[in-house]
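Hello,

Here is the structure I promised to pass on to you.

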Amino acid sequence: VELLQGPAGSSEAARAEFLTSSAQQLDRLNWLAQNLLELSKLDSGLVLLDLRPEDVRGTIESAVEQQRTAAERKGITLVATVPDRPLRIRHDPPRVGQIVSNLVGNALKFTPPGGEVRVLARAEPDGGARIEVVDTGVGMAPDELHLIFDRFYRGAEENEARSTGSGLGLAIVKSIVDMHHGSIAVESRRGVGSRFVVELPRDPRSVVDVEPPEPDAGTVALASATEKVDDSSPTAAPPMNAQEA
């Protein structure tokens with residue numbers, strides 16, 4: 001703005017360049033502020049989970065479709081694989097959708113054109129759900145894995161993808177997983193890709209201790225803290241969905 005108030009303001013080309021840059025920076029600041037507010041609300045307990053005993057497949061598929069345009073624009077194959085049978089768990093659909101959307105968006109950001117991002121869901125023996133997001137992206141070094149859920153962490157190495165992020169997406173993911181008394185783990189190899197594994201219980205209200213999932217050998221697992229679940233849903237299932245999860 002100061003440059004536009006000076007001699008640069010008389011140049012149409014300079015004015016257009018500065019206004020375009022300013023608009024981009026304002027969009028980024030707005031996005032960052034929204035993420036900070038979201039994370040603050042999640043951590044302060046102001047967000048109440050609306051736990052519903054519903055089929056989580058629809059939540060997953062809807063979140064993946066939200067990222068479809070971004071994947072096509074970048075030339076990345078995006079595939080979602082869910083069970084043929086209903087996968088019913090008690091969860092907050094918008095918040096679980098946010099988990100999937102953030103993980104897929106993060107995978108797309110670090111996957112080069114021509115790569116692939118896969119989302120896989122399956123039922124667990126205990127009645128819970130397991131969601132995996134696997135990419136063929138740049139991957140991460142082993143010493144980074146314990147830091148990636150920290151706020152504002154954007155990687156040890158500078159690259160274009162990391163420079164455009166806020167470093168808050170994965171922190172939000174972990175907060176929502178914690179609220180569901182679930183767990184999240186990650187494994188990654190530099191130049192090969194990354195795999196994020198989220199496990200959600202059948203009913204968060206019945207969980208006492210949470211064990212981190214183990215995707216494969218060599219995985220660095222991050223246990224979720226067992227915290228209070230804010231449950232705004234009724235104890236009984238709603239009339240339109242009488243069967244318990």
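The protein chain has a mean pLDDT of 79, with 75% of its residues at 70 or more. One stretch calls for care: over residues 216-245 pLDDT stays under 50. The model does have 77 contacts beyond four places in sequence for that stretch. Still, where pLDDT is low, the predicted coordinates should not be read in detail.

As for the overall make-up, the protein chain contains seven helices and eight strands. It has 245 residues, of which 44% count as buried. If you take the contacts in the chain with a separation of 6 or more, 73% of them are between residues 24 or more positions apart.

The helix I would look at is H7, residues 169-179. Ten of its eleven residues are buried, so H7 is largely enclosed by the rest of the structure. The buried ones run from Leu-170, Ala-171, Ile-172, Val-173 and Lys-174 to Ser-175, Ile-176, Val-177, Asp-178 and Met-179. You will notice that Lys-174 and Asp-178 are among them.

What does H7 pack against? One partner is helix H5, residues 93-109. The two axes lie 9 Å apart, at an angle of about 150°. Angles over 145 degrees count as roughly antiparallel, and H5 and H7 are therefore roughly antiparallel to each other. The crossing of H5 past H7 is left-handed. On the H5 side, the residues that meet H7 are Arg-95, Gln-98, Ile-99, Asn-102, Leu-103 and Asn-106. On the H7 side, they are Gly-169, Leu-170, Ile-172, Val-173, Ile-176 and Val-177. Together, the residues of this contact comprise seven nonpolar, four polar and one charged. Several of the H7 residues here, including Leu-170, Ile-172 and Val-173, are also on the buried list.

Most residues other than glycine have a negative phi. His-181 is also buried, with a relative accessible area of 9%.

I hope this helps you find your way around.

Best wishes

Terms used
Residues numbered from 1 in each chain as written. Predicted model: local features only at pLDDT ≥ 70, side-chain atom pairs only at ≥ 80, totals over all residues. Heavy atoms only, no water. Helix = DSSP H or I, 4+ residues; strand = E, 2+ residues; numbered from the N terminus. Buried < 20%, exposed > 50% of the residue type's maximum accessible area, 1.4 Å probe, protein only. pLDDT = per-residue confidence, 0-100. Contact = heavy atoms within 4.5 Å. Axes fitted to C-alpha atoms, helices over the stretch in contact; angles between N-to-C directions. Parallel < 35°, antiparallel > 145°, perpendicular 65-115°, else oblique. Left-handed = near helix turned anticlockwise from the far one by under 90°. Nonpolar A, V, L, I, M, F, W, Y, C, P; charged D, E, K, R; others polar.
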